[in-house]
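Here's a quick briefing on how this fold is put together. Have a look at the model first, then work through the notes below.

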Amino acid sequence: SSEYVMARDVTASIISSVKETALTGVRFVVRSERVYHYPGYASHILGRVGKIPGAKLEYYTALGYPMDAVVGLDGVEQAFEEYLRGTDGEMKITEDSYGNILATEITKEPQPGHDVYLTIDIEMQMVAERALAENIFKIREEAQWSGPLHGEDASAGAMTVLDVDTAEILAICSYPTYNLATFNEDWPVISTAEPGPLMNRALSGTYAPGSTFKVGVSVAALEEAIIEKNTYINAQGMYMYYADSGYTPRCWLYLLAGQSHGPINVVEAIQESCNYFFYDVGRRLTIEKMNEYCGHFGLGQPTGIELPEKTGILAGPDYRAENGLNQWSPGDTLQAAIGQSDNLFTPLQISSYLATILNGGKRYSAHLLYQVKSYGGERILYQNEPKVISEIDISDDHLETVREGMRGVMDNGSAASVFSGYAIPVGGKTGTAQVSATKSDNGIMMAFAPFDNPRIAVSCIIEQGSGGTEAGYSVRDVFDYYFREEIAAMAEEAETP
């Protein structure tokens with residue numbers, strides 16, 4: 001006989017009334033339901049639960065799931081299903097011919113699922129999500145005074161925060177987002193809304209890194225002895241090495257003001273983001289060496305996160321050949337060296353790349369799973385340990401050199417308008433990447449703090465954000481939260497006579 005659901009979410013008084021009338025064949029069923037303590041936050045990470053999708057029915061029934069089981073559909077709900085899932089119990093019910101229950105006996109005890117703890121700092125997650133949204137609104141609002149293609153079309157972005165020493169993910173945000181608590185009611189809107197709130201841009205969005213890529217190129221060039229800290233290149237604005245073939249790429253300063261940076265070393269070139277310097281360094285380094293280092297730093301590689309992610313594209317002859325594209329040319333190497341060409345990476349990869357460089361070339365597996373405990377938290381069943389997935393040695397001197405350049409970016413370079421005079425010393429790099437002739441450029445910022453002993457690495461990418469500097473406001477908000485106690489102590493000290 002088939003069952004029919006007459007009512008859901010009934011009150012205790014209705015249950016009492018129905019039981020008093022002793023209606024035959026009526027049963028009350030208690031079902032569990034997810035409760036979200038922070039509705040609207042961490043939605044892309046947590047994911048949803050629901051009935052087994054048709055395509056997965058065979059897989060789950062082979063594992064012993066009943067056909068009407070509720071399973072994780074995406075996010076950590078799906079990734080950690082094996083830990084979260086409990087097992088149903090069994091009850092033997094004896095009824096008389098009228099349907100009255102005479103006896104019940106539990107023949108198999110139900111087993112609760114385990115408790116899963118994530119690396120996410122929920123307070124930071126909320127700060128970061130709000131900061132990202134506010135940053136996008138700020139760019140749009142200020143663009144109205146700057147003319148077209150200055151960010152008036154900014155409407156999406158992502159931000160990721162990594163613990164430098166462990167690659168624990170402290171926050172991972174994508175905007176626009178949605179609310180898991182009202183997902184079903186909101187579905188008609190969010191499923192068709194632009195620019196796609198269901199997409200997790202932190203893991204599935206791939207973006208040209210722009211000038212943030214120059215830090216990795218600098219490390220590679222120093223390690224390969226192509227340059228030293230005090231090697232000066234006379235940046236003349238227009239790069240003439242391939243002039244005979246008609247290819248003369250230009251530095252941004254030349255395009256903007258018809259000027260050049262003149263003699264410049266690597267620390268200054270990172271601070272000023274001089275394209276000419278990196279054209280020359282990239283050419284001498286070769287695309288093969290550039291990619292050997294940047295691959296070790298995690299670009300174009302899986303980050304280790306337990307959720308589905310895109311691995312992006314590390315531009316080079318291999319990628320072109322594998323995909324049947326145009327042959328790689330010397331000019332492509334120059335473009336790749338400044339973070340253009342075919343280079344496309346996820347925001348999480350950018351944070352992982354920065355953390356790896358700060359760790360002297362040691363790349364840890366990025367992860368969300370912190371710990372698994374038995375139901376109620378009595379026994380620890382699993383504890384995540386930091387795992388090195390790639391390693392390449394960066395000498396202390398070379399690391400210090402590129403960090404000095406990144407400090408200059410924040411204090412005196414492109415990010416100074418946001419970070420100059422900030423209470424905690426920080427380092428970082430901005431990037432701006434062209435998208436199309438009809439859209440504002442993407443803005444990218446990666447940053448770390450504190451400068452002397454980096455604890456967190458942050459990346460923020462804002463689609464059509466117009467420039468990397470503009471992505472800095474949300475990064476600063478994350479630092480404000482993370483270092484709130486140190487900043488408060490400094491303020492108190494300053495006030496003490």
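β5 and strand β11 (residues 369-373) pair in the antiparallel sense over four bridges; two strands count as paired if DSSP finds at least two bridges between them. Helices (H or I, at least four residues) and strands (E, at least two) are DSSP runs, numbered from the N terminus. A word on provenance: this is a predicted model, where local features need pLDDT of at least 70 and side-chain atom pairs count only at pLDDT 80 or more, while totals for chains, interfaces and linings use all residues. Residues are numbered from 1 along each chain as its sequence is written, and side-chain values use heavy atoms, with hydrogens and water left out.

- (Axes are lines fitted to C-alpha atoms, for helices over the stretch in contact, and angles run from 0 to 180 degrees between N-to-C directions.)

**The five-stranded sheet**
- Another open sheet, again antiparallel, has five strands in the order β7-β6-β16-β15-β14.
- Here β7 (169-175) and β14 (427-433) take the edges; each has a single partner strand, so one side of each lacks a neighbour in the sheet.
- The twist averages 5° from one strand to the next.
- Within this sheet, β15 (residues 442-449) and β16 (residues 456-463) run antiparallel and are joined by seven bridges, with M446 opposite S459 in β16.
- Helix α6 (residues 122-143) lies across β6 (156-163), β7 and β16, at about 35° to β7.

**Helix packing and the core**
- The axes of α16 (residues 347-358) and α17 (residues 396-411) come within 10 Å and cross at roughly 130°.
- That makes the two helices α16 and α17 oblique to each other (under 35 degrees is roughly parallel, over 145 roughly antiparallel, 65 to 115 roughly perpendicular, and the rest oblique).
- L354, I357 and L358 of α16 meet L399, V402, R403 and M406 of α17, contact meaning heavy atoms within 4.5 Å.
- I357 also touches V215, G216, V219, F297 and I394, not counting residues up to four places away in sequence.
- The largest nonpolar core has 108 residues, and I357 is among those with the most contacts inside it, along with I169, F277, F419, V475 and F479. (Such a core is a set of buried Ala, Val, Leu, Ile, Met, Phe, Trp, Tyr and Cys residues joined through side-chain atoms within 4.5 Å.)
- V475 and F479 are also among the buried residues of helix α19 (residues 472-482), whose cover includes α6, β6, β15 and β16.

- Most residues other than glycine have a negative phi, and most peptide bonds are trans.
- Y175 and P176 are joined by a cis peptide bond with omega about 5°, and P176 lies in the loop between β7 and α7 (183-190).
- The A449 to P450 bond is cis as well, with omega near -15°; P450 is in the loop between β15 and β16.
- A167, in the loop between β6 and β7, has a positive phi of about 65°.
- A167 is buried at 5% relative accessible area (buried is under 20%, exposed over 50%, partly exposed in between, with a 1.4 Å probe and protein chains only).
- T286 has a positive phi too, about 80°, but is partly exposed at 31%.
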